[in-house]
Amino acid sequence: MSGISKRTTRPSSTSQTSGAEDYGWNHLYKYQFTKDIKQNEQTMKEILHNCSDVQYRHIRIGNDMKALLIYVDGLIDSKSLEETVLKPLIVQGLNDDDDDSFANQIVDTLATRQATQTEDVQETVKSILGGQVAIFAKESNKILIADLKEFEKRQVSEPATESVVRGPREGFNENIRTNTGLLRQKLKSPLLKIEPLTLGTLSQTDVAIVYIETLAEPSILDEVRKRVGSIKIDAILDSEYIEDYIQDAPYSPFPTVQNTERPDVVISSLLEGKIAIMVNGSPFALIVPLTFWAALESAEDHYENFIYTTAIRWLRFLLLCISFLLPSLYVASTTFHPQLIPADLLFSIAAAREGVPLPAVIEAILMELMFEAFREAGIRLPKPASSAVGMVGALVIGESAVHAGIISAPTVIVVAFTGIASFAIPRYNLGLAFRFLRFPLLILAGTVGFYGIGFGLIMLLIHVVNLSSFGVPYLSPLAPQVPGNLLDILIRVPRWAANRPRSNTGLDIKRFSEDTKESMEQFEPKID
């Protein structure tokens with residue numbers, strides 16, 4: 001892997017979030033806790049005023065308040081609060097005659113040991129809003145923070161965007177601890193590192209950088225830490241917020257950061273030396289670096305026979321070319337280069353286009369726009385209604401346009417085949433790039449024919465060759481060539497013969513022992 005390339009500059013987010021920082025936390029430095037529990041309660045109520053979900057519970061002996069519990073209703077485990085905090089304090093109580101302080105008595109009394117002490121107001125407020133319980137004791141300015149978080153979360157289920165015929169059926173949900181736990185279940189090794197961060201001055205979102213210590217390239221890992229750690233924004237609501245700030249070429253239509261809902265995809269990427277970024281509240285993990293060939297891979301490629309997978313990869317690449325080039329080739333050949341079309345086919349196309357008032361390029365653009373509109377409508381509408389306005393609806397309207405003499409039948413066939421071929425692209429964001437670029441290529445084809453297509457492809461190739469993801473060339477290992485990695489582009493070799501992608505770090509590329517290969521060879525049939 002090459003050195004980290006310089007990213008395209010973009011406006012800094014610091015100036016946009018300075019006001020949020022001041023409003024969110026800087027004003028808390030004027031507050032301090034005292035040994036007066038009632039004054040501390042008043043301080044917290046002043047800071048968290050108009051927060052109806054914040055609960056204040058008092059532990060009293062007689063008329064004297066011995067302890068105060070502050071937490072957010074809905075973020076903690078109420079049963080654990082009763083069993084591990086309230087019940088021990090009420091049953092055992094706090095003794096005024098005891099020489100020990102009330103704070104130490106509370107520590108000794110609690111049934112939970114997931115607790116820390118602090119005197120910092122900002123840390124206390126962050127802990128309360130993060131789902132922990134703050135316990136204030138009489139005659140003490142030390143606050144006990146008990147971890148009793150329990151959030152409502154979606155159960156682990158099959159990923160909606162990356163379904164497979166064969167392979168694991170579990171996908172990430174919106175809870176980062178559940179997601180990291182799924183990774184730990186699959187990779188029980190101390191080399192799997194999960195570095196925590198907190199981003200968002202208002203949201204205080206938990207973020208984790210995940211990698212395998214001996215496989216991740218140090219220069220890329222440092223760059224990931226630098227880019228993620230430099231994000232200054234008021235809130236992080238999804239992993240896309242981070243993707244927007246860390247990608248190398250924000251103005252490029254091609255994705256340079258991979259996103260996935262599947263734990264097995266993350267693990268297989270980590271085993272190749274890549275780095276994952278996980279965000280609390282998002283079921284999509286980010287994986288860097290990303291190459292064009294990795295974006296063309298499907299999760300199912302790793303679970304089927306390598307012969308079938310190789311054939312499907314070739315078919316997928318062919319369908320990608322068809323979905324991108326077919327409308328432009330049709331427009332260019334019928335408008336500027338009819339001599340390239342066989343005579344019988346040319347007469348058939350000419351007969352179908354007789355009486356159509358629109359040029360071929362306008363026909364193709366209108367049909368493509370209509371197809372894209374129906375595809376987006378099918379995604380956004382509820383499932384019962386989406387089937388009625390999906391691809392079938394587009395074809396029905398296209399057929400009606402043919403009968404009305406507005407659109408020719410060959411154009412409908414070309415656009416329909418193009419749309420079906422585009423569904424073979426496994427990554428939605430990569431498919432979006434080619435769907436977007438199809439229109440400028442159509443305009444070039446309708447303007448100067450094959451010369452326009454050639455010019456568009458050359459410009460696209462120049463852009464892609466100069467594109468990189470965290471210093472890794474986008475077309476690697478084809479351009480520049482890395483001979484040891486070329487086999488894994490359009491061919492999937494047997495798992496027992498596959499190595500880890502080569503890099504410049506000198507890390508071990510072997511994923512199997514020589515004993516494994518020898519044991520596989522003994523099962524090969526012997527022909528006398």
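Pro-480 sits in the loop between β12 and α19, where helices (H or I, at least four residues) and strands (E, at least two) are DSSP runs numbered from the N terminus. The peptide bond that leads from Ala-479 to Pro-480 is cis, with omega near 0 degrees. Pro-477 belongs to the loop between β12 and α19 (514–521) as well, and the bond from Ser-476 to Pro-477 is likewise cis, its omega being near 10 degrees. The model is a predicted one, in which local features need pLDDT of at least 70 and side-chain atom pairs count only at pLDDT 80 or more, while totals for chains, interfaces and linings use all residues. Residues are numbered from 1 along each chain as its sequence is written, and side-chain values use heavy atoms, with hydrogens and water left out.

Turning to the chain as a whole, the secondary structure comprises 19 helices and twelve strands. Of its 528 residues, 46% count as buried, where buried means under 20% relative accessible area, exposed over 50%, and partly exposed in between (1.4 Å probe, protein chains only). The protein chain exposes about 27100 Å², and carbon and sulfur atoms supply 58% of that area; accessible areas come from the Shrake-Rupley method with a 1.4 Å probe, and for residues only the protein chains shown count as cover. Among contacts (heavy atoms within 4.5 Å) between residues at least 6 apart in sequence, 67% join residues at least 24 apart.

Buried in α7 are Ile-220, Leu-221, Glu-223, Val-224, Arg-227 and Val-228. They cover an arc of only 160 degrees around the axis, so they lie on the same side of α7, the arc being that of the directions from the helix axis to the C-beta atoms. The cover over these buried residues includes β6 (192–199), β7 (205–212), α8 (239–246), β9 (275–279), β10 (285–288) and β12 (472–473). On the face turned away from the buried side, α7 carries the exposed residues Pro-218 and Lys-226.

A helix pair comes next. The axes of α11 (residues 306–335) and α18 (residues 450–465) come within 9 Å and cross at roughly 155 degrees. This makes α11 roughly antiparallel to α18, a label for angles over 145 degrees, with those under 35 counted as roughly parallel, 65 to 115 as roughly perpendicular and the rest as oblique. Axes are lines fitted to C-alpha atoms, for helices over the stretch in contact, and angles run from 0 to 180 degrees between N-to-C directions. From α11, the contact is made by Phe-324, Leu-325, Ser-328, Leu-329, Ala-332 and Ser-333, and from α18 by Phe-450, Ile-453, Leu-457 and Leu-460.

Some individual residues complete the picture. Phe-470, in the loop between β11 (468–469) and β12, has a positive phi of about 55 degrees although it is not a glycine, and Phe-470 is buried, with a relative accessible area of 1%. Asn-50, in the loop between α2 and β1 (54–61), also has a positive phi, near 60 degrees, but Asn-50 counts as exposed at 78% relative accessibility.
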